[in-house]
Amino acid sequence: MTTYATAAERYFAAWNADGAEAIAKAVSEAFTEDATYTDPLADVAGHDGIAAAIAGAQGQFPGFAFRLKGSVDGNHHIARFSWDLVSKADGSSPAGGSDVVTLAEDGRISTVSGFLDRVPGA
């Protein structure tokens, strides 16, 4: 598995972690301590900020999981990938997006620039 794919795997593990303790652990494994996450709905920094953004999204979409769409592409210390938000019950997907991440030397994510490609009600 490439460094880029490993980073994406850890990213999705954080977004799909169950409960505050599991989210905090997964965030610390996926993101640097000073990581930033920016998308049209959030602009947060650090483990606590990212964990809060994840918990907020999970609260808004209970019973859904974030899934990698396609493959991860990367060069140097930058990776990009697309995702879908998928219902665990029926497989429907009301939202999807694309993220560009910067990786630190240890392979953890230091920045996320997120884009929403498809949103509910749009």
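The side chains of Asp 84 and Arg 118 are joined by a polar contact of 3.1 Å (a pair of N or O atoms within 3.5 Å; within protein, one must be able to donate a hydrogen and the other to accept it, and residues adjacent in sequence count only if both atoms are side-chain atoms). This is a predicted model, in which local features need pLDDT of at least 70 and side-chain atom pairs count only at pLDDT 80 or more, while totals for chains, interfaces and linings use all residues. Residues are numbered from 1 along each chain as its sequence is written, and side-chain values use heavy atoms, with hydrogens and water left out.

**Around Asp 84**

- Asp 84 sits in strand 4; helices (H or I, at least four residues) and strands (E, at least two) are DSSP runs, numbered from the N terminus.
- Asp 84 counts as buried because its relative accessibility is 16% (buried is under 20% relative accessible area, exposed over 50%, partly exposed in between, with a 1.4 Å probe and protein chains only).
- Beyond four places in sequence, the contacts of Asp 84 (heavy atoms within 4.5 Å) include Phe 66, Arg 67, Lys 69, Ser 93 and Arg 118.

**The nonpolar core**

- The largest nonpolar core holds 31 residues, of which Tyr 11, Val 27, Phe 31 and Ile 109 touch the most other members; such a core is a set of buried Ala, Val, Leu, Ile, Met, Phe, Trp, Tyr and Cys residues joined through side-chain atoms within 4.5 Å.
- Helix 1 supplies the largest share of this core, seven residues.
- Not counting residues up to four places away in sequence, Val 27 touches Ala 14, His 47, Ile 50, Ala 51 and Ile 54.

**The largest pocket**

- The volume of the largest pocket is about 360 Å³.
- Its lining has 19 residues, and the closest to the pocket centre are Asp 39, Leu 41, Ala 57, Gln 60 and Leu 116.
- On a 1 Å grid over the protein atoms alone, a pocket is an open set of points where a 1.4 Å probe fits, with protein on both sides within 12 Å along at least five of seven lines, and lining residues have an atom within 4 Å of a point.
- Helix 3 gives the most to this lining, with four residues.
- By type, the lining divides into 15 nonpolar, two polar and two charged residues.

**A loop residue, Ala 104**

- Ala 104 belongs to the loop between strand 5 and strand 6, and it counts as partly exposed because its relative accessibility is 27%.
- Leaving aside neighbours within four places in sequence, Ala 104 is in contact with Thr 32 and Ser 110.
- From C-alpha to C-alpha, Ala 104 and Ile 78 are 9.4 Å apart in space, and they are 26 residues apart in sequence.

Definitions and conventions:
Grid points are joined across faces, edges and corners, and a volume is the space filled by probe spheres set on the points. Ala, Val, Leu, Ile, Met, Phe, Trp, Tyr, Cys and Pro count as nonpolar, Asp, Glu, Lys and Arg as charged, and the others, Gly among them, as polar.
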